[in-house]
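User: Please show me how to read the features of this structure, one at a time.

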Amino acid sequence: FDTGALAGKTVFITAGPTREALDPVRYISNHSSGKMGYALAQAAVDAGARVRLISGPVNLAAPPRMDVVAVQSADDMLAASMKGIESCDIFIAAAAVADYRPVAVSEHKIKKGAEEVMELRLVKNPDIVASVAALPNKPFTVGFAAETQDLQTYARSKLERKNLDLIVANDVSQPGIGFNSDDNAVTLISRDSVLPLPQTSKRQLASQLIRQIADLYNRAQ
Ligand code: PMT
């Protein structure tokens with residue numbers, strides 16, 4: 001019997017980058033290490049939640065006491081997020097999903113040609129967190145916003161555009177925080193509150209975030 005702030009709740013968390021294949025040996029991706037999402041998953045388990053961690057390719061060990069689903073592309077991550085979403089109470093999107101993928105995946109390795117300039121055609125990926133937040137019975141939905149300028153303005157517009165309950169604004173232009181660092185510093189924004197959480201380890205920050213998310217979730221019920 002668990003008395004944690006999220007006892008009996010089911011939490012889905014996306015983490016890490018996605019990989020969008022160009023051909024059998026190449027892909028488009030980004031610098032997400034998965035550390036932030038994995039720390040959130042751990043903190044949610046510690047708060048008593050049942051957790052599904054939907055993870056892009058990272059170099060982290062699968063944490064214990066949770067269901068870990070390994071995915072590669074944004075399409076895979078969307079499918080893994082939607083599977084059993086009816087049981088999800090809180091959805092947290094910490095993954096750095098590629099916004100675009102190559103229009104076509106070449107069956108064979110693309111050969112180097114005579115041309116000096118090569119053009120790639122990309123098509124938009126589905127927006128996972130927005131798809132979840134558009135469900136008629138949507139879970140309490142928390143997004144991240146990784147920005148290099150106008151942090152709060154862009155974060156707030158993502159909160160509204162994607163119909164989220166909360167957004168975690170992450171300034172990824174600052175050295176020592178954001179992508180791949182062990183530390184992070186964020187601002188937690190809802191429609192009527194702004195809470196800065198200063199720089200600390202991603203583990204510490206994850207427990208602070210889970211405490212705040214649980215609080216706001218419980219108040220919204
Ligand atoms: O993994 P780490 O190295 O620990 O780094 C942590 C982090 C910097 C990746 C993390 O703190 C973070 O900011 N994650 C969000 C990164 C991102 O891609 O943000 P965005 O502003 O592009 O996307 C906004 C939100 O929409 C995010 O919740 C994202 O998961 C979601 N999204 C975006 C595109 C898409 N196709 N589907 C989505 O669900």
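Analyst: Gladly! First a term: a helix here is a DSSP run of H or I with at least four residues, and helices are numbered from the N terminus. Keep in mind that this is a predicted model. As a case, just after H4, Asn163 has a positive phi of about 60°.

User: Which residues of H4 are buried, and how should I read their pattern?

Analyst: The general idea is that an α-helix makes a turn every 3.6 residues, so residues three or four places apart point the same way. In this structure, the buried residues of H4 are Leu151, Ala155, Lys158 and Leu159. These residues sit on the same side of H4, because the arc they cover around the axis is only 105°.

User: What covers that buried side, and what is on the face turned away from it?

Analyst: The cover over the buried residues of H4 includes S9, S10 and strand S11 (183-189). On the face turned away, you will find the exposed residues Thr153, Glu160 and Arg161.

User: Is Lys162 buried or exposed?

Analyst: Lys162 is buried, because it has 20 C-beta neighbours inside 10 Å. Lys162 belongs to the loop between helix H4 (151-161) and strand S10 (166-171). Leaving aside residues up to four places away in sequence, Lys162 touches Asp127, Val129, Ala130, Ala133 and Gly143.

User: How many other C-beta atoms lie within 10 Å of Asp99?

Analyst: There are 13, so Asp99 is partly exposed. Look for Asp99 in the loop between strand S6 (90-93) and strand S7 (100-102).

User: Which residues does the UniProt annotation "binding site" cover?

Analyst: Treat this one as a record to compare with the model. The unreviewed UniProt entry lists Asp99, Lys109, Pro126, Asp127, Ile128, Val129, Phe144, Lys158 and Lys162 under "binding site". They are spread over 64 residues of sequence and also spread in space, with up to 37.0 Å between C-alpha atoms.

User: And how do I read the shell around the ligand?

Analyst: Begin with its members, then see which elements supply them. The ligand is surrounded by 28 residues, and the closest are Ser33, Met36, Ala93, Ile128 and Phe144. Two or more residues each come from helix H1 (35-46), helix H3 (128-133) and strand S9 (140-147). S9 contributes the most, with four residues. By class, the shell holds 14 nonpolar, 10 polar and four charged residues.

Key. Residues are numbered from 1 along each chain as its sequence is written. This is a predicted model: local features need pLDDT of at least 70, side-chain atom pairs count only at pLDDT 80 or more; totals for chains, interfaces and linings use all residues. A residue is near a molecule or strand if its C-beta atom, placed from the backbone, lies within 6 Å of it. Ala, Val, Leu, Ile, Met, Phe, Trp, Tyr, Cys and Pro count as nonpolar, Asp, Glu, Lys and Arg as charged, and the others, Gly among them, as polar. UniProt positions are given in the numbering used here, feature names are shortened, and annotations may be inferred rather than shown by experiment. A residue is buried if 20 or more other C-beta atoms lie within 10 Å of its own, exposed if 12 or fewer, and partly exposed in between; C-beta atoms are placed from the backbone. Two residues are in contact if their C-beta atoms, placed from the backbone, lie within 7 Å. The arc is that of the directions from the helix axis to the C-beta atoms.
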